[in-house]
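Let's take a look at one helix and a handful of charged pairs. Have the structure open as you read.

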Amino acid sequence: MAGRAKSPKTPPTFALERAALDADGGPVCGVDEAGRGPWAGPVSAAAVILNPDDIPAGLNDSKALSAVRREALEIEIKARAVAWGVGFASVEEIDELNILHATGLAMRRAVEALAVTPVTALVDGNYRFKLPCAVRPVVGGDGLSLSIAAASILAKTARDRLMIELDAVYPGYGFAGHKGYNAPIHHNALQTLGPCPAHRRTWAPIRALLDAGG
């Protein structure tokens, strides 16, 4: 029996934003994060209020785009959006608060950085973070909502740049390549060099090294 052809994934739309505008009024921002899973570096978040009459073509979940395309879209988003903001939560805040609450802190900082105050935030995921506006969680939102997709791009590009900077401060770990995630070069460097100040000390692999005197 022939296998069923895989249908192409539908790109994100502005439908969720229009529904929120109808229900709550506006403005409506999309919010997403980057860097919840890595062993090192901060978690970042972005908030974007798009102009429905001037939306950059090709917006999508940042993970579905190449680095070159993300960087090109970042410029367009910042030039054409009604407002955008980026926020970070540091490694120290992640270790103190845990990654969930640190993510919420980064998101709040991103929303507070907007030049225009939103009425509603469409937030990627299923958790209702406490933000300075109404929150509508959207599971898989970066693939459904254009505003969340735009936020995912800004969060990813901002964090990637910061990890490249950290690679120069703490050479040998390969931060510029893997951006702090689990990778053979990262694992091997930790065994040789031990953790550096950019590492999340409450993460199990890092904590194990510290407990062993690494």
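What covers the buried residues of α4? In this predicted model, the cover includes the strands β1 (28-34), β2 (43-49), β3 (83-89) and β4 (120-124), along with helix α3 (91-97). The buried residues of α4 are I99, A102, T103, G104, L105, A106, M107, A110 and V111.

As for its length, α4 runs over residues 99-112, and at 1.5 Å a residue those 14 residues should span 20 Å, which agrees with the 20 Å between its end C-alpha atoms. At the start of the helix, a side-chain oxygen of N98 comes to within 3.0 Å of the backbone nitrogen of L100.

Now for the charged pairs. The count of salt bridges comes to 10, including these:

| Salt bridge | N to O distance |
|---|---|
| R136 and D24 | 3.1 Å |
| E76 and R80 | 2.5 Å |
| E93 and R109 | 2.8 Å |

The E93 and R109 pair links helix α3 to helix α4, across 16 residues of chain. E93 is buried, because its relative accessible area of 19% is under 20%, while R109 is partly exposed at 32%.

E76 and R80 sit four residues apart in helix α2, about one turn. Residues three or four places apart in an α-helix point the same way, because there are 3.6 residues a turn.

R136 in strand β5 (residues 134-138) pairs with D24 in helix α1 (residues 15-24), so this bridge ties together parts 112 residues apart in sequence.

Definitions and conventions: Residues are numbered from 1 along each chain as its sequence is written. This is a predicted model: local features need pLDDT of at least 70, side-chain atom pairs count only at pLDDT 80 or more; totals for chains, interfaces and linings use all residues. Side-chain values use heavy atoms; hydrogens and water are left out. Helices (H or I, at least four residues) and strands (E, at least two) are DSSP runs, numbered from the N terminus. The expected span of a helix is 1.5 Å times one less than its number of residues. Buried means under 20% relative accessible area, exposed over 50%, partly exposed in between (1.4 Å probe, protein chains only). Contact means heavy atoms within 4.5 Å. A polar contact is a pair of N or O atoms within 3.5 Å; within protein, one must be able to donate a hydrogen and the other to accept it, and residues adjacent in sequence count only if both atoms are side-chain atoms. A salt bridge is a side-chain nitrogen of Lys or Arg within 4 Å of a carboxyl oxygen of Asp or Glu.
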